[in-house]
Amino acid sequence: MAELAEQAHPGASDRAARALPRLREVVGPEGAELGAEARAFGLGVAPDLVARPATAAQAAEVLALARAERWKVTAAGAGSWTAVPPDPRPTLVLSAARLDQVHAYEPRDPTASVGAGVGLAALAALTAQHRQWLPLDAAGAAGATVGAAVALGVGGPLAFGYGAPREHVLGLELVTGDGRVLALGGRVLKNVAGYDLTRLAVGSRGALGLVTRVHLRLRPLPEVDLTLAVAADLDTCLSLCPRACGRPEAAAVELLSPALWSRLGGGPGAWAVLTRLHGEKEAVDRARAEALAAARAGGLQVVELEPAAWAALAEAEAARPLTVRLADRPSALVQTVALAQQLCRAWPDAALAAHCGDGVVRLFPRAEDLAAPGWAEAVGAARRALAARGGTLLLGPAHAPGHQGLSAYGELGPTRRLMRGLKEQFDPEAVLSDGGFDF
Amino acid sequence: MALTFDLVDELERLLGQGNVVTDPATLLTFECDALTSQRAVPAAVLLPGATEQVAQVARALFRARVPYVPRGAGTGLSGGALALDGAVIVSLTRMDGILEVDAPNLRARIQPGVVNATLAAALLPHGLTFAPDPSSGSVCTLGGNVAENAGGPHCLKYGTTVNHVAALTVVLPDGEVVRLGGPGEQQGFDLVGLFVGSEGTFGIATEIEVKLRRLPESVVTLLAIFDRVEDASASASAFITAGLIPAALELIDGESIKAVEASKYAVGCPKDAGAALVIELDGAKASLGRLAGRAREICLACGAREVRIAADDADRERMWQARKKIYAVVAALAPDLLVQDVVVPRARLAEIVREIYRIAARHRITMVTSAHLGDGNIHPTMLFDRRDAELVGRVEKASEEILEACVAAGGSITGEHGIGVDKREHLGLMFGDRVLESMCGVRAVFNPGELLNPGKVIPLRNCREWVGSRTRDAHG
């Protein structure tokens, strides 16, 4: 018997070790292991057990076993940002990593039906062969799986031009907390048959079930993909955002703090606005000419960046343990950035980036910043200030335990009752974690 | 469950006497929506003027256990506004205010009774547009658009209603008022996405915050004439593989063309054409000339005999008329119509269109077909006379086979008209019992006891809450 690493709740580990053979009967010897032996998970303590079913039916069986054995299950993709919430019961991570087949790819639609464990990068490589893509740059690591991106439902810079993850999902297969395998939605663009349970599942963060398969809407790659960057002080950068967002070709407009801009090779101390332009050659050429003219008039320089800059940005963000997302109307961006900067008093080396067109400001404290006292109060105060204006403050992408009592989301208000009811429909015995929602 | 005098008094106190309709002659005008084959006279029609009035009315009806049905303009094609079981209709048509246009944030707050075309007109001076443009746009209301997740020709490029709703104020069946969505990010489950398309069975939306788009810089419209409808149908995939997504790609078949050309809406389409496509491209002026050229090449490569590019706005209007007037023209050809609303994957369009015609021919049905071809949404339209029982039987058989063929091809039984009562018992073609029971369960979270808009969407046998003593649909 391999040595067990320290567990959060030692009593549970014995039961976990005894359960392992039964779990392996369901998912095969290579499909289950003790948490301590598993690949390290992103945040928090290791789970007691990890199961990687190879089929939806196996996932359903694992959940049935979990229900009988009273385990607490956290759904996961590849597991890179999975955070296991503390629980007195044995914890099991149910990972979709082995559900990594591409079941169908029809370039003439264009749609693809893939296992939840298929990586976004792998999908991009496949669809690029037909000059197509899934315009979803999920918040988080480049190693993200389709299933995780869909379950978290949070997009990246491209959400401005192409929509949030929910806009790309035509249907999906969900294995519910009570072990039902549900084929939700469909495979076609327009579909109003019955209630849109697909949209309920997207962004449900594993609270309703494990997403095992996703039917995706793809798009043709744009004719031209061009990124322009302007570096200046914060006020100047903020003043550039509205015009940049107003260009029809703007697929993403991103404000970067000096910490992030320097990672992309920019000069020290400067903020930057990145504009990603997608479209036909003539349209993008004109947009570029306009941007150059406007910059010259303001005494600013415009730099062209490779598309790889966006991947580098995503990697830099994913390397930080926590994201604080402050969001309000785009017209209030200046105030939202100001509020974020107030938070930075507790975290002077935090990086900041903003999806200018969507009004979402993200703060990325470093790991050492999270040891600073009192930051939870500051975040709580910022959340209340935003809520008073109708905005939101979310902690993401994954809810890490130990955020000093802060929930990932703010007050749900009257919708909490609806959410609880919906949770009960799919996971009546609360086998699955809450996904960071405060039901 | 009947309306007591006391309840009517209470409703009149809440809404004002003029806003509680009980006279039989007026009630008769609410006995159906655009699905005229199914009728049910409501017990009363209520006309609230504000969210609070809707909430008060809902509370009163819920307390009295009186079922009620929300209704917009009554243009729905699936019987979603049918007042089954002597339900009361709550009409939202008085609530027709555009409350705010927030141009910098591309948002507008509107009441549910605002007509789609009225919103479009109000947005024009701001250089803005609300993308979903259903064919009934001159009459239908946004509340109805939200209930059905309405589409329209331009949803090919821009998406359907659900892609354009940021937030909702909803009165739940028991009268509680909740706010779904809003500025900032999604907190919790996507309740807006779940509500849109719930066909008035989860609650009544009394305020809608819509997402707007800037008007495109330029638009070009083409009309492509084909000898064969299958060739025209194959063009959707041809556009996609060429990497060109039009703003709209609409199909009309030979029978439709003949009918339009014989009417006052004639646009000069050759009467011997097998099919025509109305194609619209939008974007930067500088690119459109080249894109129009590519679109023409794609059509010719698919077998088009001729491709015309609209020279000016008047020309463009004429081309669209050919597509928009089909329903009006075809409705005059026969006493009754059955309009289907199937969707198939674009890659299967040519094959399924061929199959649809084979099915109609096999059952000796006169059929015309139009389609939002770009998103695979086909409207086979069968002409018949409901007094001819034998013909009705054949029409029903043919429409069943068409539904089955589309589902077997990986499609859907409804792309924009909704399930309502019309396709309720066919929902099982698409979903197994477990999913249907989940849908029932989800509805029960919002609408316990199914007091709001009963008897819609979910097949009766899948719903535990449907009590056997209630009447079934008024079919036949």
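Predicted model: local features only at pLDDT ≥ 70, side-chain atom pairs only at ≥ 80, totals over all residues.
I take buried to mean under 20% relative accessible area, exposed over 50%, and partly exposed in between, with a 1.4 Å probe and protein chains only. Residues are numbered from 1 along each chain as its sequence is written, chains are lettered from A and ligands numbered from 1 in the order in which they are written, and side-chain values use heavy atoms, without hydrogens and water.

**Entry: helix H9 of chain B**

I looked up helix H9 (residues 254-261) of chain B and found it mostly covered, with 6 of its 8 residues buried. Helices (H or I, at least four residues) and strands (E, at least two) are DSSP runs, numbered from the N terminus. The buried residues of H9(B) are Gly254(B), Ser256(B), Ile257(B), Ala259(B), Val260(B) and Glu261(B). I then asked what covers the buried residues of H9(B). The cover includes strands E13 (248-253), E14 (275-283) and E18 (366-372), and helices H11 (313-324) and H12 (326-331), of chain B.

**Entry: H8 against H13 in chain B**

I noted that the axes of helix H8 (residues 229-241) of chain B and helix H13 (residues 349-362) of chain B come within 7 Å and cross at roughly 145°. Axes here are lines fitted to C-alpha atoms, for helices over the stretch in contact, with angles from 0 to 180 degrees between N-to-C directions. The crossing of H8(B) and H13(B) is right-handed; a crossing is left-handed if the near helix is turned anticlockwise from the far one by less than a right angle, and right-handed if clockwise. On the H8(B) side, Val229(B), Glu230(B), Ser233(B), Ala234(B) and Ala236(B) make the contact, defined as heavy atoms within 4.5 Å. On the H13(B) side I listed Leu349(B), Ala350(B), Val353(B), Arg354(B) and Tyr357(B).

**Entry: cysteines**

I searched the whole structure and found 1 disulfide over all chains, a disulfide being a pair of cysteine sulfur atoms within 2.5 Å. Cys440(B) and Cys463(B) form it, with sulfur atoms 2.1 Å apart. Cys440(B) is in helix H15 (residues 433-446) of chain B and Cys463(B) in the segment after H15, 23 residues apart. The link is right-handed, with 135° about the S-S bond, and both Cys440(B) and Cys463(B) are buried.

Cys140(B) is buried at 3% relative accessibility. For Cys302(B) the closest cysteine sulfur, in Cys299(B), is 6.8 Å away, also too far for a bond. Cys302(B) is buried at 17%.

**Entry: aromatic pairs**

I found 8 aromatic pairs over all chains. Rings of Phe, Tyr and Trp (its six-membered ring) pair if their centres lie within 6.5 Å; planes under 30 degrees apart count as stacked, over 60 as edge-to-face and the rest as tilted. Trp347(A) and Trp375(A) form a tilted pair, 5.4 Å centre to centre with 50° between the planes. Trp347(A) lies in the loop between helix H11 (333-343) and strand E17 (351-355) of chain A, and Trp375(A) in helix H12 (residues 375-388) of chain A, so the pair ties together parts 28 residues apart in sequence. Trp347(A) is buried at 0% relative accessibility and Trp375(A) at 1%.

Phe439(A) and Phe189(B) form a tilted pair, 5.9 Å centre to centre with 50° between the planes. Phe439(A) lies in the segment after helix H13 (415-426) of chain A and Phe189(B) in the loop between strand E9 (177-181) and helix H7 (191-195) of chain B, so the pair joins two chains.
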